[in-house]
Every structure is written in C-alpha cells, then in structure tokens.
Amino acid sequence: GLFVWHLKNTGIRQIPCQFVHLCHVANNRLITFQYFNFLKRMYVTQYNKDLSQRAKPKSDSVASPFRELQQFDQEKKVIHKIRPISPVHQPLSETSSRNELREMKSAAETEDSVTPVRAESKDDRQWKEMKLRLDDLPGILARLSKIKLTALVVSTASAGFAMAPVPFDLTCFLLASLGTGLASCAANSINQFFEVPFDSNMNRTKNRPLVRGQISPLLAVCFAASCGVPGIALLTLGVNPLTGALGAFNIFLYTCCYTPMKRMSIANTWVGAVVGAIPPIMGWTAATGSLDAGALLLGGILYSWQFPHFNALSWGLREDYSRGGYCMMSVTHPGLCRRVALRHCLALIGLSAVAPVLDITTWTFPIVSLPINLYISYLGFQFYRDADRSSSRKLFFCSLWHLPMLLLVMFTCKKSFLEKEDKGDLLGGNHGRAMEITLP
Amino acid sequence: PPAHSRSDWIGPPDKHSNLRPVIFYVPPEESPLERRLREARQEAQACDQRFWARHNCTFRQEKEEFIYSRLKAKGVEMRDETGQKATLNAEEMADFYKDFLSKNFRKHMQYNRDWYKRNFTITFLMGQVALVRALRWLRWKKKNV
C-alpha cells in the first residue's frame, strides 16, 4: 500500500525516478512509516482536540498548547474525529518533524485535555506520599524526558540522515537515532529540573513529574546523566565524534542557554531555533561524517520553520508568559513577533530554492514545494496583518503539517546517489562549495 | 498525612502560589546532614511560597484594575445585564501583559538567581545524603555477611 501510494504520488508529480530509486525510498520509509504515522496522528489529533476546546469564547486564555498525550484512549477517541478531514493530512513523512526540542516546549507537547484534567484534579486535591513506586517509574521517566517530543526530535535527525547523499547504513542509522534520543531525554529532564516553580504556575506544564513531587530532583539529575552520558558516548564512539560533539553542544545549548534565557531575554527564541535545527544536522553528519552545506541547509530549513511555528503558538499564551515571567516576543515585542514569523516563512521559500543548487535535490523540489511554502507565507502575512487569535492559530496549525510535507517532498526529490556519482565527474566544482570537515 | 508514615507527603497546589506544599518527615535518628537538607528544603519552600503567592495576587489585582480602568474609559459597565463580568479581549490585554512583564523583570531576575542557587544546593545535599546512606548500607551488609 505504501509503495502504491508513493507511485501514485510520483505519478501526479511526474518525477522521473528510476525504479531502483523508488524501491530504495520505499524501503527507507517502511522502517519509520508506521511509527511516524502513529506519532503524526497523535500529534494532529491532539491539536484538533485543542481546537475544539478553544471554541469557547470567554475563556481566559487558558490556551494550552500541546503537551504529552497522557491517555492513549484519549488519542484513540480523537483519531476518529480527524478522519473526515481532508487527505491533506494523510501524506505522512518519515520525518514528522515537529521534533525540535523547542517545539516540544511549547507546541509539540500535547495538552492535558479536559477530561484527563478533571480526573486528575480530583486526584490532585489529595495529599500524596512522596515515595517512589517502581511500577510508576517508567511512566514518570517518560514524562520527565518528554518522550514524545524526543521521538519527534529523533525523527528530524532521521530525516537528516535520510537526506545525506550516501548509501543507507542501517547500523549507523540506529545508533545515531538511539544516541540522539538519549541526548534529547537528558536535555529535557534537565530542563524540567530547572523549571519547577515556573512550571507549577503555567497551565500547560503543571502536571509534570517534578512539579507533582513524583520524583526527587536528585533522581531527575541522575536520570539525565545516565541518559546523556551513554547517549553522547554512543554518538561519539559508535557513530562519529562530530555527531557526538553536536549532540553535547545541543544539550548544553538547550539546558544552559535556552532554559535560563527564557526568563532573561527574547533572544531565547533564536537560540531555541538553533536547538531545533541541530538534530537534522546531526543526522546528516552521522551519515556522512562531515558538515556539508547540505546539512546546514537542512538545519536552516528547520531553523526558519521554528519561527512561524513558535511565534504563532506563543501568541495565545501571553497571559501565562507574562505572569510566569517569561520573556517572549509575543508579550514584549508583538510587532517583531509577527514580522519575524513572516520573514522566516518567506525564507523557507528561498531555502527550498537553494536545495537543488547544492545538489541535494532535483529542481522539482522548489517547484513542488512552492505551493505549500506560499501558503504558509500567506498565513504568515495574515498573522502579520491581523495579529489576532484566529490568524495565529491558522498559522500554527499550518506549520504542523507544512514541515512534514516539506521534508517528505524533499526526500522524494532527493538526488539519487547514483546520479550524483556520474554528475560528480562533470561538475567537480560543486564539491568545492561544500564545507567539508571530514574526519579520519 | 498519617502518623505512622515514614516519608514526606506532598499536597495539592496552593490556591495563591500554585505550588505544592510538602510536609517533611523527621526521622528520630536524623543525622546533622539530613537535618540540613530538610531545613534547606523547608526554607526553599517558604521562600517560593511567599514569592509566588504575592506575585500571583499582585497580578490578579493589577489585572482587575487594568480591566476596570479600560472599561471605564470605554464607558462600559463592569457587569452587564446578565450579571456576567465584562472582560477585555486578548489584544486589549496585551498592553497589560507587556507592562506587567517589564515591571516585574528585576524581581524575576532576583528570584531566578535565588531559585537556581537553592535548587543546586538542595540537590547537592540530597546527593550527599544518598551517598552517606548508601555507604552506611554497604557497611551494614558487610558486617552482616
């Protein structure tokens, strides 16, 4: 079915792919298709759920973006809701790239929807013994490490790996994914460790394990160390030192720069965008061992994407941010917030056009991706002009499907490795452009 | 929490500060190190509670005042015919949020520094206590074997 769908897809777009290439593509996709299918469904469904919740007029911006899905049956229930929605949501990319560490902070986390909150609040009103129960531990650690966001981060890294112009190496891929996942768990745990009183005061985050006292801060730190150290070691020794270094740097950037900066300056958004851009770069360096222009381009696309995504989301959270003391553009510099979002939507168009120049994709990529890039830019412009809740929501929801689609299209337009080998002899000049930091 | 319990108990979020209060268990054979830890945690809890309760109340109050003054400027009553409180929409509130955030920036900076310091100290003490307990347990095991 997957293969047939792909053929249909290419039929519409008339990409002249070789049969071999198609098989290769299908194989890669099979590995991650099911998993990301599931994740994307979950992600999209929670968003739609939130959409219906926020239809209430007078509610006091209890706008809660998404956090982890806590109840599986909740997801199942909601999945039925989105089926009637147009097949636009259907093209699932193996990347489901809402994985950035940042976006988890704000968006990627699905919110505690109304029903589980009601069930929990009864629970909440009781006094609980602060004793760690072993059977609760997996669930607690999953929430501590923001496991769903971690999964999305790993998907982004996989996208970077898949786009690298080298033959696919399964072992390397798995090691890189595992290492990235562990690093992400560590970073998320430390983030929660730093933010306990602030999380208690924001609706979106008040049910985190440390806030609820389900785990001690010491244990959280030990868990982070026991994920981070093996994760980075795995990347450094099992993949290559460059990827390990990037992973360590990203953890540092997220925990020691982004997290404190959230309360100090609006520049945190830019730092967070870098944090989100690094996983695909890590995937690429894991595959090729060098930091090429292609890696930077992929990182650049994810970097630019963060802004419409996060700025649109934060527009609805202004009250909580203001009270919690978070310095976000949407609160302090609303005009800048909207300008930046629009600017980066347009940048995505530009970056997509650079991809074929760098020999990562064929020229069909900027052409095919133009409609979705134009659409998000249009929504970005509406957000810029109207600056209201509905335009911010529209932009945010668009960003959710825009990125996976973009990465999917990018992957289908990927320049075949075989083609490149031939071209390489003729266009030796292209390689000169790449910033090669090759390792022995 | 029940009298026989040997662990700490955590309660529901406080109405004003949104923080969850913890009742600490004082073991009869508490070592000086453990006492230091407990006292540090109690002090931290008190500080946090004071800060957030005051901060949140200030926020609520200033928000009310803002809404009231804006509504008055618009010539609208605080409550309409059905008795519902009149509110401003998000765009109008945005000015207030921006203002409130910048007014309290210094306060937050100070609190952040204190919070990080306290958090690290407490976690470090927890580490020390855990280490001492582990060593003690190992020694006891060796003695019994």
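**View 1. Packing of helix α13 against helix α18 in chain A of a predicted model.** Helix α13 (residues 293-314) of chain A and helix α18 (residues 389-412) of chain A pack with their axes 7 Å apart and at an angle of about 160°; helices here are DSSP runs of H or I with at least four residues, numbered from the N terminus, and axes are lines fitted to C-alpha atoms over the stretch in contact, with angles running from 0 to 180 degrees between N-to-C directions. The two helices α13(A) and α18(A) are therefore roughly antiparallel to each other, a term applied to angles over 145 degrees. Their crossing is left-handed, that is, the near helix is turned anticlockwise from the far one by less than a right angle. Among the residues making the contact (heavy atoms within 4.5 Å) are A:W305 and A:H309 of α13(A), together with A:F396 and A:H402 of α18(A). By class, the contact of α13(A) with α18(A) has 15 nonpolar, four polar and no charged residues, where Ala, Val, Leu, Ile, Met, Phe, Trp, Tyr, Cys and Pro count as nonpolar, Asp, Glu, Lys and Arg as charged, and the others, Gly among them, as polar.

**View 2. Packing of helix α11 against helix α12 in chain A.** The axes of helix α11 (residues 241-261) of chain A and helix α12 (residues 268-288) of chain A lie 9 Å apart, and the angle between them is about 165°, which makes α11(A) roughly antiparallel to α12(A). The crossing of this pair, α11(A) and α12(A), is left-handed. On the α11(A) side the contact includes A:F249, A:N250 and A:Y254, and on the α12(A) side A:N268, A:P279 and A:M282; its residues divide into 16 nonpolar, six polar and no charged.

**View 3. Crossing of helix α8 and helix α10 in chain A.** Helix α8 (residues 170-194) of chain A and helix α10 (residues 217-239) of chain A have axes that come within 8 Å and cross at roughly 155°, so that α8(A) and α10(A) are roughly antiparallel to each other. This crossing of α8(A) and α10(A) is left-handed, and the contact between them has 21 nonpolar, six polar and no charged residues.

**View 4. Domain 1 and domain 2 of chain A.** The domain assignment, which is automatic or from a database, gives domain 1 (139-290) and domain 2 (292-420) in chain A. Taken over C-alpha atoms, the centres of the two domains are separated by 21 Å, and 33 residues of domain 1 are in contact with 34 residues of domain 2. Between them the domains bury about 2800 Å², 69% of it on carbon and sulfur atoms, buried area being the accessible area (1.4 Å probe) that two parts lose on being put together, summed over both.

**Notes.** Residues are numbered from 1 along each chain as its sequence is written, and chains are lettered from A in the order in which they are written. In this predicted model local features need pLDDT of at least 70 and side-chain atom pairs count only at pLDDT 80 or more, whereas totals for chains, interfaces and linings use all residues, and side-chain values use heavy atoms, with hydrogens and water left out.

Technical notes. Parallel < 35°, antiparallel > 145°, perpendicular 65-115°, else oblique.
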